[in-house]
Amino acid sequence: MPDVRTWLLWALTVLVTASRVRNPLYSILTLLIAAVVELVCAPHRGAGLPSSFRFGVTVVVLGALFNGLTAHLGDTVLFSLPAQLPLSGGPVTLEALVYGATNGLVLAAIFSSFSTFNRVTPVRDLVRLTPRAFHEAGVVISIALTFIPQMMYHLDEIRDAQAVRGHRMRGLRDWLPVILPLLTGGLERAIGLAEAMVARGYGALSNRRHSLRTQMFLLVGLMGVLVGWLAFLLLPQWRLAAVSGMIASGGLIAGLLWQTGRSIPHTSYRMHRWTLCDSLIVLGCCVTLVSMFAPLPFVNRKALYYSPYPRLSPPPFDAVAGVGLFGLLVPAIVVKRGAADDRD
Amino acid sequence: MSARRIIGGTIYVLSGVVGVLAFIYPFLLAEVPRQSYGQAHGQDTPLVTIALVGLSVVALLVELQGREISARTVALLGVLVAIASVLRFIENAVPGPGGFSPIFAPIILAGYVFGSRFGFLMGAFTLLTSALITGGVGPWLPYQMFTAGWTGMTAGWLSYVVRALCVKEKLEFVALCVFGFAWGLLYGAIVNLWFWPWAVGVPGQTWTPGLGLWETVRRYGAFYIVTSLVWDTARAAGNVALLLLLGPATLRALSRFRQRFYFEVCTDA
């Protein structure tokens, strides 16, 4: 099974591709590819359709209907609604329906990629992704994830105990005798856990306070991001410099994270190995990004954008960009079927 | 006041400013040359914004973690986040009306009792953890974390105001309910901003670059009233109901445990 970072890169590539392209042909292709990857890598076991598919259909239909009923633009009038109707009154056009459906496809593709990501990556791998600098954050999330099943168990116990006493859950007020013991019980366990952590030496070895220098660098990085962002928004002619400044400042903050993380002792049980499978997926993502967005002379980038207004016409399609999208299909080819389930 | 505290405070403010600017960029964006309506919506700005909000959360967490966090705080935070995440799990299994969610009342009460820093961490981690267990990880997550963090952080500020004004217990709950109602609406209004630049619909409700501040505010207001107000009102009313029914007892329990958690023996060393 690929590394969680590989899956994250794959989901981000779909996000970037889906959100930057406004052409229904590419959006449908992206959505289909994401669906195939989900079906192959994380097969749906229950009856009925996967939630991402249902969401996709809903958002495309609703997007088309909402835009069709509210945006009365375009030449091909299908029918007209009485002008007295608030918002929806006026001509309903084919172009408005297509535009709404196109935007629904974008949202469906983004959701589908992250749905796949959520299904194929075990929670423990996601927690492991926490940078070492966020040591405490990782501990907090680990504690929370460990306590959740216990809390669910205690919730059932408390409900049973209250039911034996004749308590019935009829309304919101009846939750108080259940929630309060859950809260106080949880807080008692937190005190016990804190004492156990201290007894095992938590926080005893190092002084975790940042140095003044670290704080200064963080401040400089944030200021760089702020100035870059303002320039990006307000000075379009300086956009390249602004983006460069933001990347440099972001890099400074990331470097700071890495430097801070180095001071934290860290051990890993069964490190995940980078495999050929990971490399192939990364390569596939690079192929997609380059073919879609790099200024290649043989790719017609105008084909990525399509507007059905004022009169509906067939959307343009560039074959090289279309083939490049298939780089996102690599996980479905290289990952063993149902491997996600094997790991859980 | 030491240099460390001044710099720490500035980092807080700057992270907040970067986050706020990332949220409200549609209201600030200057006229940008574009070729077509469709292309305008396909610009890089929303993607940069997602990265920026993520970076602000990271910077704020680095600063918050830079101060000493005791084992008690870590354990308390972990357990409270677990309780709030369980509530979201229940909400997913049995959806409430509209945008009602039971996770905001614990975030508000925790921020109110344990302070703004704890409140921010509680809000951000609750959304992160519950997203991990319910499969809700996505580009919307940094926005949700930031907004829930602000909810908890401002709840801490509310407690300062309430203490400074020495209000009675009943008025304290009125203040908490008003606060919960306001954040019920604000949460939706803020988080909507992550996808509003991508949304389609009536020209009078959608965003295009270079509209000008007031026109953008007017359009967003119209979009919010049409698409979200009813949904968010259910969340706001739910917050008030939870704070009214469960708040007094929960607040007393949390206050009692705060004394136990932060109990320290002073020695004349």
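Trainee: How many helices and strands does the secondary structure of chain A come to?
Mentor: Chain A comes to 13 helices and two strands, where a helix is a DSSP run of H or I with at least four residues and a strand a run of E with at least two, numbered from the N terminus. Its radius of gyration is 26 Å, well over the 20 Å from the globule rule for 344 residues, so chain A is more spread out than a compact globule; the radius is taken over C-alpha atoms, and the rule is 2.2 Å times the number of residues to the power 0.38. This is a predicted model, in which local features need pLDDT of at least 70 and side-chain atom pairs count only at pLDDT 80 or more, while totals for chains, interfaces and linings use all residues. Residues are numbered from 1 along each chain as its sequence is written, and chains are lettered from A and ligands numbered from 1 in the order in which they are written.

Trainee: And what does the C-alpha trace of chain A span along its principal axes?
Mentor: The trace spans about 75 × 60 × 45 Å. Within chain A, buried residues make up 38% of the 344, buried meaning that 20 or more other C-beta atoms, placed from the backbone, lie within 10 Å of the residue's own, exposed that 12 or fewer do, and partly exposed anything in between.

Trainee: What about chain B, how many helices and strands there?
Mentor: Chain B comes to 12 helices and zero strands, and its buried residues make up 48% of 269. Of the contacts in chain B with a separation of 6 or more, 78% are accounted for by residues 24 or more positions apart, a contact being a pair of residues whose C-beta atoms lie within 7 Å. The corresponding share in chain A is 71%.

Trainee: How many residues of chain A are in contact with chain B?
Mentor: On the chain A side there are 83, in contact with 73 residues of chain B. Several helices of chain A supply at least two residues each, among them α1 (4–20), α3 (51–70) and α4 (94–120), and α7(A) gives the most, with 15 residues.

Trainee: Switching to α6(A), where does the kink lie?
Mentor: A kink of about 35° lies at A:Ile148, shortly before the proline A:Pro149, taking the bend as the angle between axes fitted to the seven residues ending at a residue and the seven starting there. Just after α6(A), A:Gly166 takes a positive phi of about 95°.

Trainee: Which residues of α10(B) are buried?
Mentor: The buried ones are B:Thr216, B:Arg219 and B:Tyr220. Seen down the axis of α10(B), they fall within an arc of 95°, so they line one face of the helix; the arc is that of the directions from the helix axis to the C-beta atoms. The face turned away from the buried side carries the exposed residues B:Trp214 and B:Ile225.

Trainee: Last one: what does A:Val127 touch, leaving out residues up to four places away in sequence?
Mentor: A:Val127 touches A:Gly138, A:Ile141, A:Ser142 and A:Leu145. The residue sits in helix α5 of chain A and counts as partly exposed because it has 18 C-beta neighbours inside 10 Å.

Trainee: And A:Leu230, which helix is its place in?
Mentor: A:Leu230 is in helix α8 of chain A, and it is partly exposed, with 16 other C-beta atoms within 10 Å. Its C-alpha atom is separated by 47 Å from that of A:Leu182, which is 48 residues apart along the chain.

Key. Contact = placed C-beta atoms within 7 Å.
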